[in-house]
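Subject: Structure for you to look at

Hello,

Here is the structure I said I would pass on. My notes on what turned up in it follow below.

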Amino acid sequence: MGVPERLAERMSMAEQHEYLRARFSRRTMIRGGAVTLGAVAGGAFVPGATAQAAVPTTRTAPATATVDGAHVAPFGRHLAYGTDPRTEMTVSWQVPVAVKKPFIRIGAHPWDLSRKIDAEVRTLFTPAGVGASGNHTQYYVHARLTHLRPGRTYYYGVGHQGFDPAEPHLLGTLGTFTTAPSHKTPFTFTAFGDEGVSYHALANNSLLLGQNPAFHLHAGDIAYGDPTGQGRTDDTGFDSRVWDQFLAQTESVAKSVPWMPAYGNHDMEAWYSPNGYGGEEARWTLPDNGPDKENLPGVYSFAYGNTAVISLDANDISFEIPANLGISGGTQTTWLQAQLKKYRAAHDIDFIVVFFHHCAYCTSTSHASEGGVRQEWVPLFEKYTVDLVINGHNHQYERTDVIKGDKVTKKLPIGGTAYPETDGVVYVTAGAAGRSLYAFSAPLSYEGNEHDVDSVASFVNVKGGKQNETVAWSRVRYLDYSFLRVDVTPAPKGRLATLTVRGIAETGDQVDHFTVARRAK
């Protein structure tokens with residue numbers, strides 16, 4: 001069991017973590033989240049290429065004897081960009097038991113995988129009494145690759161002693177990835193939030209792969225190992241094994257498409273570390289250019305072609321779910337402003353896309369809007385004319401008109417065009433990736449079934465509770481499983497570059513589309 005409910009209600013996540021550390025001995029409770037068993041770096045695999053491993057942390061989890069590696073197959077492969085997507089990629093995977101000498105092979109052709117690089121293992125131990133399972137150990141493996149060539153497709157295979165993907169009978173286990181180009185070029189990316197493990201999530205993933213995206217954005221609430229999402233340790237339903245199912249489920253996409261997550265409230269697993277992200281740090285290796293890697297490992301940015309992408313952690317500013325409220329001490333907002341200013345001034349960046357979990361603007365009857373986001377970040381989105389904001393949290397699809405100062409500056413009908421430089425910002429909630437759906441108070445209105453209303457009764461979460469509001473900005477409302485597809489089309493200097501944004505249902509039907517246009521630099 002975790003922290004008793006009567007205590008958890010009065011304790012911050014860090015205080016709950018200290019309580020658990022005292023309750024479970026150092027022999028059975030990990031400290032600081034991911035526990036690294038080994039970290040070694042290998043040599044070059046293409047001219048100038050290197051692999052880097054994270055600095056090991058203290059090994060305190062119980063040792064587990066290895067088995068014959070020939071009987072163990074890696075699973076759950078997932079990619080993530082480094083700080084520079086043109087030259088850096090991390091390949092991550094799982095093994096079900098401890099193995100010896102894990103590695104990655106990589107090359108320009110499937111028949112040329114002679115370049116072998118050692119990988120890093122992060123072992124995550126969950127003791128019996130924390131959540132629903134007995135003692136459970138998970139082994140996450142990471143190979144961080146640098147000095148890659150822009151716009152190049154690489155073949156890779158992951159293995160360990162006894163399991164070599166270069167062997168003829170294992171060539172079917174190979175994967176590929178493609179680095180970002182060094183110049184502006186058309187591309188597609190996809191996005192959603194609130195996936196979990198379900199048949200609907202599987203269906204969405206199969207459709208995602210068919211879009212041929214350059215990368216995928218996951219706007220938080222990833223696997224739902226913690227089903228309550230309050231950042232508290234008294235959740236007896238927590239089950240770390242859900243992550244094994246999740247990574248196996250997403251592998252069909254994530255083994256070839258960089259899977260870039262932001263962290264939501266269900267991703268705060270309080271028993272692993274004071275900030276709740278110790279488990280996430282074991283599972284993911286994300287760009288390390290954020291403002292506070294100790295407290296906010298899911299905050300980062302990257303650029304692909306003419307588009308900058310910024311991942312934020314709204315748990316830091318959430319009034320609704322305050323487990324991590326104020327954890328950055330304001331450094332995240334300061335960093336965000338600096339990133340927006342940098343990208344807006346960059347000569348090769350036209351569009352800025354920001355994604356995070358809690359909604360800035362949504363009329364769901366469950367969570368609706370987050371006042372902390374409106375207070376801290378929306379003024380910056382407007383000041384630097386952010387082109388698109390993508391959220392999850394509410395399990396449905398909703399899209400706003402163009403907004404500035406909490407008011408509609410321009411109605412944006414299905415098929416319409418927004419001009420952020422003069423109009424304002426468009427917000428999309430894409431939280432219907434696989435978990436059970438929520439509800440709207442207003443009638444549904446989507447492509448082929450439009451039902452415009454002048455106003456919608458909703459609420460916003462503010463300090464002290466919920467505040468009712470009546471809004472005019474809710475333009476598209478769709479209540480079924482779906483995801484977002486964004487097609488980016490560059491243009492010559494002075495001409496209009498575009499983002500074509502589409503809501504795609506689990507059935508493959510298009511439920512929304514609009515365009516964001518901006519003069520190219």
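A residue is called buried here if its relative accessible area is under 20%, and exposed if that area is over 50%; anything in between is partly exposed. Please keep in mind that this is a predicted model.

Salt bridges

The whole structure holds 19 salt bridges. In general, side chains of opposite charge can pair when their charged atoms come close.

Asp 512 and Arg 399 form a salt bridge through their side chains, at 2.9 Å from N to O. Asp 512 belongs to strand 29 (residues 510-519) and Arg 399 to strand 19 (residues 397-400), so this pair ties together parts of the chain 113 residues apart in sequence. Asp 512 has a relative accessibility of 0% and therefore counts as buried. Arg 399 is also at 0%, so it is buried too.

A second salt bridge joins the side chains of Asp 164 and Arg 105, with 2.7 Å between N and O. This pair also links distant parts of the chain: Asp 164 sits in the loop between strand 9 and strand 10, Arg 105 sits in strand 5 (residues 103-107), and 59 residues separate them. With a relative accessible area of 18%, Asp 164 falls under the 20% limit, so Asp 164 is buried. Arg 105 is buried as well, at 12%.

The side chains of Asp 239 and Arg 241 meet in a salt bridge of 2.8 Å, again N to O. Asp 239 is buried, at 14% relative accessible area, whereas Arg 241, at 38%, is partly exposed.

Finally, a network of salt bridges links Arg 344, Asp 387, Glu 421 and Arg 518.

Helix 6

Arg 344 of that network is also among the buried residues of helix 6. The helix covers residues 331-345, and at 1.5 Å a residue its 15 residues should span 21 Å; the C-alpha atoms at its ends are 21 Å apart, which agrees.

Which residues of helix 6 are buried? They are Gln 332, Thr 333, Trp 335, Leu 336, Gln 339, Leu 340, Tyr 343 and Arg 344. Viewed down the helix axis, these buried residues fall within an arc of 160°, so they line one face of helix 6. Thr 334, Lys 341 and Ala 345, on the other side of the helix, are exposed. The buried residues pack against strand 14 (300-304), strand 15 (307-311), strand 16 (351-355), helix 7 (371-376), helix 8 (378-383) and strand 29.

Strand 4 pairs with strand 3 (residues 75-81) in the antiparallel sense, over 5 bridges. Within that pairing, Leu 79 has Val 91 as its bridge partner. Strand 4 is also joined to strand 8 (residues 136-146), antiparallel, by 7 bridges. There the bridge partner of Ser 92 is His 142.

Four strands make up an open antiparallel sheet, in the order 6-5-9-10. Its edge strands, which pair on one side only, are strand 6 (115-118) and strand 10 (175-178). From one strand to the next, the twist averages 30°. Strand 9 (residues 153-159) pairs with strand 10 over 4 bridges, and Tyr 155 has Thr 176 as its bridge partner in strand 10.

Asn 265

Where is Asn 265 found? The residue is in the loop between strand 13 (259-262) and helix 5 (278-283). Its relative accessibility is 2%, so Asn 265 counts as buried. Leaving aside residues up to four places away in sequence, Asn 265 touches Asp 221, Gly 229, Asn 315, Ile 321, His 357, His 358 and His 393.

Regards

Key. Residues numbered from 1 in each chain as written. Predicted model: local features only at pLDDT ≥ 70, side-chain atom pairs only at ≥ 80, totals over all residues. Heavy atoms only, no water. Pairing = 2+ DSSP bridges. Helix = DSSP H or I, 4+ residues; strand = E, 2+ residues; numbered from the N terminus. Buried < 20%, exposed > 50% of the residue type's maximum accessible area, 1.4 Å probe, protein only. Contact = heavy atoms within 4.5 Å. Axes fitted to C-alpha atoms, helices over the stretch in contact; angles between N-to-C directions. Salt bridge = Lys/Arg side-chain N within 4 Å of Asp/Glu carboxyl O. Expected span 1.5 Å × (residues − 1). Arc of directions from axis to C-beta.
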